[in-house]
Amino acid sequence: MDKIRIEEMIRSLGRLNTKNMYNNDFFLTWEKTLDELKGTFAVADTLRAMRERNISTRIFDSGLGISLFRDQSTRTRFSYASACNMLGLEEQVLDESKSQVAHGETIRETANMISFMADVIGIRDDMYIGKGHTYMKEVADSVEAGYRDGVLEQRPTLVNLQCDIDHPTQSMSDALHLINHFGGIENLKGKKIAMSWAYSPSYGKPLSVPQGIVGLMTRFGAEVHLAHPKGYEIMPEVEEVAGINAERSGGKFVKSNSMAEAFRDADIVYPKSWAPFAAMEKRTNLYADGDDAGIAALEKDLLAQNAKHMDWETTEELMATTKNGKALYMHCLPADITDVSCKQGEVAASVFERYRVPMYKEASYKPYIIAAMIFLAKVRNPSEKLMELLVKEAKRAL
Amino acid sequence: MDKIRIEEMIRSLGRLNTKNMYNNDFFLTWEKTLDELKGTFAVADTLRAMRERNISTRIFDSGLGISLFRDQSTRTRFSYASACNMLGLEEQVLDESKSQVAHGETIRETANMISFMADVIGIRDDMYIGKGHTYMKEVADSVEAGYRDGVLEQRPTLVNLQCDIDHPTQSMSDALHLINHFGGIENLKGKKIAMSWAYSPSYGKPLSVPQGIVGLMTRFGAEVHLAHPKGYEIMPEVEEVAGINAERSGGKFVKSNSMAEAFRDADIVYPKSWAPFAAMEKRTNLYADGDDAGIAALEKDLLAQNAKHMDWETTEELMATTKNGKALYMHCLPADITDVSCKQGEVAASVFERYRVPMYKEASYKPYIIAAMIFLAKVRNPSEKLMELLVKEAKRAL
Amino acid sequence: MDKIRIEEMIRSLGRLNTKNMYNNDFFLTWEKTLDELKGTFAVADTLRAMRERNISTRIFDSGLGISLFRDQSTRTRFSYASACNMLGLEEQVLDESKSQVAHGETIRETANMISFMADVIGIRDDMYIGKGHTYMKEVADSVEAGYRDGVLEQRPTLVNLQCDIDHPTQSMSDALHLINHFGGIENLKGKKIAMSWAYSPSYGKPLSVPQGIVGLMTRFGAEVHLAHPKGYEIMPEVEEVAGINAERSGGKFVKSNSMAEAFRDADIVYPKSWAPFAAMEKRTNLYADGDDAGIAALEKDLLAQNAKHMDWETTEELMATTKNGKALYMHCLPADITDVSCKQGEVAASVFERYRVPMYKEASYKPYIIAAMIFLAKVRNPSEKLMELLVKEAKRAL
């Protein structure tokens, strides 16, 4: 991208109202205005364009980016570390097993103790229904209080790296991929997006991806079709959000129990497995009660339930029914690929292979989306600051 | 703090003799002169004031800060990482389980192998009596030799992040909190400080905090009252140090077996649990012998011994007996809080809650204290260099 | 080293053809031309000289250096972290146990997902014959494709931190130690280097060190003598490489089953233990089959086989037979030292002790060698860039 295009992007950012993001957190996309979402995309695209032109995007000469992963992660972990690094922050991992958190510290105490020089805290806590989001809120409130009380020199921004409700860094990366693929956010209007359940031989995959997708894609006037077998419902609150979003944006939010229906004439398909909300709620309670036998029984039941829906696979036949047989296939990765990573899974190997490069590009937006979330929370005049960096043109690699 | 106050602080630092700290280590506070302690406070305060004014405190464009934690840690770990980061050093953790240290390397060898680009090494090794301090000395001697022999390009400074004898980054942070709370180091003269044992349902807490407190607070002319049940004696060598300190500084060092006596009219109270020195010595030998049965028996005995002193709790009644009922309550955190983190512990919930913010502030000095220790070991003319940073006024966050 | 000497070094680098190293990887020393090896030494020496004069060697204002260690490591791990740091890159460790790699991701996918901001990837994978090198190639091919496809903004360089075939960061550090010890690469011509097996009470030590040494030292016209008991053969492909190298360089590559023969009149001795190639191949297959009983039986056999050769020890008597009784003793560390780290091992304590400082210096080249490998892969005009850094003279420690 040439400098003139970058300047245009920065100027368009300047026309958006993102003031409220300053010194604020990023929990759920539906708490953000459309301007704020657009601003995040604009900053992400600008940071990427600058880095690709070897222009430094550092806005910190020092400072820490804390991360806390309560679940395994590769791409989000490295995306977060990359985002911190490109802004000038050093990542520091809070490993709960090595800290005194296990010794019974309160959330408020830990949150303050790790934040003396933290500009941002990124948390993944997606395993237990009703817990992850609540935990993040408590961390954010704790450091807000710490800042107000003069304990902390700065107020760390909280970035939700996946909770039980939303996975905003994923859905925003997915959306930016779509925006760039279709040549503009306005081109998502009227597009049919199939967010479909797909069969997986594993169990307990978080709901935050499908919830994040229907909660976000309904903002842009698209027709979002959520399909899953009966019993695989997502959180009703998020369905409600999606419905309201669709109404406001002039799009649609449709539900069905048919993968075929969802795929028919779709422009975009996002088939992936997830666990039923009700089962995850049950599991959360079983964990709270320490009921190991109950957990084992539930897992067995859920795998048996999954096995009834092995026909929910993204086959070539199904792909052929999409718009011109050429819908854009998406996945948050890693996928369960039939005959590759398992005997039968979410997607046929030939379909996955054909879309490998676009999917990797989809993933490649995440570091920039996270960096944009941090940038907008830390910089009072984001368009001014970006222009300053562009004009200064300090080299990233000398 | 305005720039004029900062300049004054830097000038007062210039009048102190801290020469001997250059290219030196920080093991025990009582090995340092009063000027050196004051210099550490002055640098810590200055670094904090500069960071709060968004002035960069980086004195390294690259370099490593090695850490080795042989015990769990949250606040010291993050404080150390923060200190390194604000000076421009990247933290590198030596995880003994992942290194070849387990393969029988000598201390001398490991110390050199991790130090090729290390400007500082921070170690926590507080579990075994007679071991931690000795280990740190050996590491420091090893890298000193490595530097002399031309193996290392620079001489890494060793910072004691808690050993079996002292916990200088904690006691110095505590002291700086007191200095700022009471409006100057001279105002600690004559203050009564109760360093008291308190009941905890857990066992084996290190002695380095009470030892560090009585070894340091007696330097400033305070009346330090050490109270604990019979059998909970600290190291006799440290008691001796405290006695000599008190005599020289015009303060007092008093011992008793009464929490009530210690608290009466105290200006400052620091009640926390610790294990008896004699028991810790015994445990060290049992570990050395690999006597698991002996260790289990000792733990049982010690918990039973603790349980005889459940009345050593920091209650509201006890707090009411302090100077005007308003002594400053301190704790190194995390605390065992009655009805919060345990059924009965070191402190009543209402007392803890009332002092939560001051305690967090107390903790918040640690990154700056550690940074000051590193700064004074690495910079030949600390006041000159600080003035240079202040005048240059490079931004920390652009 | 004074600035004039550094300038001379940089100018001599300018006369070497290292073009092909740009945007390339470092797998095996024998894939590199002599100019490329000499260029690596020159950059390493220059970077060291500059750092010793407190001149910044940063060529990145941000960026990541990814590391993946599939075997324990201390010195290579810290050397890699140091190399990244001195160039301005932040290390990010890929811990396979904490990532979703375990969830069945392909190498191609993982390689791309961790590389969005990676300038370099360092991998140690030395345990299984026929695996490590192949794995690294696949990672390099994957990120090459990712770069070509526009997924990655830059092409990360792969640095082999030890594979099943070669250990180039070790052998190159060893070589640079020899070059500086003997006053120039030309002085290695005709020197007798004994790469000898030595007894160790442990089992399964990788072959990549002896293979790396005979594969590299034969490039410089030296007489390389490889000695081991029968049954401890190294990979035949590497022996072939060593033979061809020796012929071309005017040196010699001699094999024997006699430690005494290898040591006689040697200028340099490098005695260390390794596992037989055939046994390691067998073990790799047993691991692949999950044959635990077979692995245990093999280990027992190998230890018994080792025990037949306890006389392969580097004694004072043996050292006395070397050139003037003063051969330079080398080791990659850690060594099995008789009566120190084991009852009987690779080397007598008095021999080891006498060469301790030279061995530490030998190790101290590794961070600079790794930094040089990265530098040459990342900088289009290395001599120009070094001169620029030298002239600019930005301070490393302010």
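Trainee: Where does Asn324(C) lie?
Mentor: The model is a predicted one. In it, Asn324(C) has a positive phi of about 55° although it is not a glycine. Its place in chain C is the loop between α12 (316-320) and β9.

Trainee: Which loop of chain A holds Asp339(A)?
Mentor: Phi of Asp339(A) is near 70°, a positive value in a residue other than glycine. Asp339(A) is exposed, with 11 other C-beta atoms within 10 Å. Its position is the loop between β9 (328-329) and α13 (349-354) of chain A.

Trainee: Which kind of peptide bond joins Leu333(C) and Pro334(C)?
Mentor: Pro334(C) belongs to the loop of chain C between β9 (328-329) and α13 (349-354). For the bond between Leu333(C) and Pro334(C), omega is about -5°, and the bond is cis.

Trainee: Which strands stand at the edges of the sheet in chain A?
Mentor: Four strands form an open sheet with parallel pairing, in the order β2-β1-β3-β4 (chain A). Neighbouring strands of this sheet are turned by 20° against each other on average, direction ignored. A strand with a single partner has one side left without a neighbour in the sheet, so the edges belong to β2 and β4 (157-163) of chain A.

Trainee: Over how many bridges do β3 and β4(A) pair?
Mentor: Within this pair, Ile121(A) stands opposite Leu158(A) in β4(A). Strand β3 (residues 118-125) of chain A pairs with β4(A) in the parallel sense, and the number of bridges is five.

Trainee: At what angle to β4(A) does helix α15 of chain A run?
Mentor: Helix α5 (residues 132-148) of chain A lies across β3 and β4 of chain A, at about 170° to β4(A). Helix α15 (residues 366-378) of chain A also packs on the sheet, touching β3 and β4 of chain A. Its direction makes with that of β4(A) an angle of about 150°.

Trainee: With which residues is Ala371(C) in contact, leaving aside its neighbours within four places in sequence?
Mentor: The largest nonpolar core has 386 residues, and Ala371(A), Ala371(B) and Ala371(C) touch the most other members. With those sequence neighbours set aside, the contacts of Ala371(C) are Ala44(C), Leu47(C), Ala83(C), Met86(C) and Leu87(C).

Trainee: Which element gives the largest share of the side of chain A that touches chain B?
Mentor: The contact takes 28 residues from chain A and 29 residues from chain B. On the side of chain A, β2 (90-93) and α4 (107-113) each supply at least two residues. The largest share, four residues, comes from α4(A).

Trainee: What axis relates chain B to chain C?
Mentor: A rotation of 120° with 0.0 Å of shift along its axis superposes chain B on chain C, with RMSD 0.0 Å. This is therefore the relation of a three-fold axis.

Trainee: Which C-alpha of chain B is nearest the axis?
Mentor: The nearest C-alpha in chain B is 4.5 Å from the axis, and it is that of Glu90(B).

Key. Residues are numbered from 1 along each chain as its sequence is written. Chains are lettered from A and ligands numbered from 1 in the order in which they are written. This is a predicted model: local features need pLDDT of at least 70, side-chain atom pairs count only at pLDDT 80 or more; totals for chains, interfaces and linings use all residues. Two residues are in contact if their C-beta atoms, placed from the backbone, lie within 7 Å. A nonpolar core is a set of buried Ala, Val, Leu, Ile, Met, Phe, Trp, Tyr and Cys residues joined through C-beta atoms within 7 Å. A residue is buried if 20 or more other C-beta atoms lie within 10 Å of its own, exposed if 12 or fewer, and partly exposed in between; C-beta atoms are placed from the backbone. Two strands pair if DSSP finds at least two bridges between them. Axes are lines fitted to C-alpha atoms, for helices over the stretch in contact, and angles run from 0 to 180 degrees between N-to-C directions. Copies are superposed by least squares on the C-alpha atoms of residues with pLDDT of at least 70 in both.
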